[in-house]
Amino acid sequence: MRVLAPPVERSQDTRIGAPAWREAAQALSRTAHILTDRCGQEAVTMWQPKDSVLDPNVAHHLGRAAYIQPWRFRVEMLKGGGTVEKPPPGEGVTLWKGKMKPPAWYARLPLPLHRKARALQTTEVVHAHARGARLTAARLGRAQHQINGRVRQLLRQREVTDHRLSEVRKGLLINQQSVKLRGYRPKSEKIPDKADSMLTWEKEELKSMKRKMEKDMEKSEVLLKTLASCRDTLNFCFKERLQAVDLMNQPLDKVLEQAGRHSWVNLSRAPTPRTQGQKTPPPDPVGTYTPECALALNEAKRLLVESKDTLVEMAKNVVDVQEQQLQISDRVCASLAQKASETLELKERLTMTLGLMRGTIHRCTKYNQEMYTTHGLIKGPLSKVHLETGEKLDRPLVRMYQRHVGTQLPEAARLAQGTDKLQRHIMHLEKNLDELLATHKNLTWGLNCKTIGHEVDGSVVRLRLRQRQPHVCYEQAQRLVNDWDPRTPPPRSKSSTDP
């Protein structure tokens, strides 16, 4: 029997499914759609820059046009009236054909070539470290080369200064020998004069020059030791830097040329204005330019400046000492020569006086002999038998006239008075003659002293002119200062006495 279902009321919703079932399906679909949008947005965001996300309220083509506008070339006006297109500043890849320069793009996730990129980055870091180490080694090597050159210059200057010091010491020996030779003059010639004062002044000046040269030698010795220590430090740092560039087959001078800095230390070379050299990097304890290298280079720079000033000062002192020593020697020789000329003038005057006195002595001697003859003639013979009759006082004429006391003749008294007067004159003449002979002897001694003084001063001048020649060394001048009299032959050495 057919059963009929009750009629259902017709409603507006013709769907058969239940609303709860349909809402569950729609909720599931919305959740999946939201998840899809979120995952897609996150995936895209991982591969694009943060500022490239467009505004959802702006049309896509308008947002893209506004986004790429800063990438386009800019038109600039020239002075002549023309225009030129230039890319915008900053990093990026310049697209000359499209006249755009998009900025550099940085990925947020590792790309497929991440391993190769990291390997290239490691290679660049290693190469950069090697280049920095090579550049530092080149700088250290160049600084070491310049320090070696300055050491050689200082050694050569020390040789010149030492030679000048030996010349000053030789001057002291010549001064000592001059004083000793002048000490052999007679006592009358040893009266202090200006020549002695000049020798004393020369000795003091030479001692001052000697102290000055010795001070320069000591200063240069200390500087030489400091330069040697700095060179050793530079060599150690140089070898240490070279450990990282053993496989770099490029000359170090080429490295400095590529860097545009031929030297970081040499200050005498004017920098080339067209070359823009690399700046000195800051010291890095873990980098290629360590503080030890910076300290060594700064020390080398300071020593080069100091040694340059020292070399200039030493060279100037050598020239000044040479000129001053020559002037002092010339003045001393001139004073000694003038003293010798004055001695020669006095010697000539004494010679003339001695000649005149010799003539006077001859005349006085002859006159004295004539006075003795006259005295003998007046006094008469020694024996009475030798008298003639006309000369006797008891002849008959005298005896007849002298019979009385008041008739005494003055003949005997006059003869006695004349003989006494003549005797006194003879004694006075002999006294004057003795004084003349004594004075003549003194003049002869003085003349001999003047001769010896003139010869000594002339010998001193010749000795000084001969010994100050450049070919006479210090040892040869030192042999002159011996304790022997120049008027006697020098003592023979043992080698000369051997058969």
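These numbered points walk through selected side-chain contacts and one backbone feature of a predicted model.

1. **Aromatic pairs.** The structure holds two aromatic pairs. Tyr-67 and Trp-71 make up one of them, with ring centres 5.3 Å apart. Their planes stand at 70°, so the pair is edge-to-face. Tyr-67 is partly exposed, at 21% relative accessibility. Trp-71 has a relative accessible area of 19%, and because buried means under 20%, Trp-71 counts as buried.

2. **Phe-73 and Trp-96.** These two residues also form an edge-to-face pair. The centres are 5.4 Å apart, and the angle between the planes is 80°. The pair links distant parts of the chain, 23 residues apart. Phe-73 sits in the loop between helix H2 (60–68) and strand S1 (74–77). Trp-96 sits in the loop between S2 and H3. Trp-96 is exposed, at 57%.

3. **Lys-99.** The loop between strand S2 (83–86) and helix H3 (114–182) also holds Lys-99. Lys-99 is not a glycine, yet its phi is positive, at about 55°. Its relative accessible area is 41%, so Lys-99 is partly exposed.

4. **Cysteines.** How many disulfides are there? The count comes to zero. Cys-230 is in no disulfide. The nearest cysteine sulfur to Cys-230 belongs to Cys-237 and is 9.4 Å away. A disulfide needs the two sulfur atoms within 2.5 Å. Cys-230 is buried, with a relative accessible area of 5%. Cys-39 is partly exposed, at 37%.

5. The structure holds 18 salt bridges. One of them joins the side chains of Arg-169 and Glu-214, at 3.5 Å from N to O. Arg-169 lies in helix H3 and Glu-214 in helix H4 (residues 194–242), so the pair ties together parts that are 45 residues apart in sequence. Arg-169 is partly exposed, with a relative accessible area of 31%. Glu-214 is partly exposed too, at 27% relative accessibility.

6. **Glu-240 and Arg-241.** The side chains of these two residues meet in a salt bridge, 3.8 Å from N to O. The cut-off for a salt bridge is 4 Å. Glu-240 is partly exposed, with a relative accessible area of 35%. Arg-241 counts as buried, at 11% relative accessibility.

7. **Asp-420 and Arg-424.** This salt bridge brings its closest N and O atoms to 2.1 Å. Which helix holds the two residues, and how many residues apart are they? Both lie in helix H8 (residues 411–467), four residues apart. Asp-420 and Arg-424 are therefore separated by about one helical turn. Asp-420 is partly exposed, at 39% relative accessibility. Arg-424 is partly exposed as well, with a relative accessible area of 48%.

8. **A salt-bridge network.** Some salt bridges share partners. Through them, Arg-182, Asp-193, Asp-196, Lys-339 and Asp-457 are joined into one network.

Notes
Residues are numbered from 1 along each chain as its sequence is written. Side-chain values use heavy atoms; hydrogens and water are left out. Buried means under 20% relative accessible area, exposed over 50%, partly exposed in between (1.4 Å probe, protein chains only). Rings of Phe, Tyr and Trp (its six-membered ring) pair if their centres lie within 6.5 Å; planes under 30 degrees apart count as stacked, over 60 as edge-to-face and the rest as tilted.
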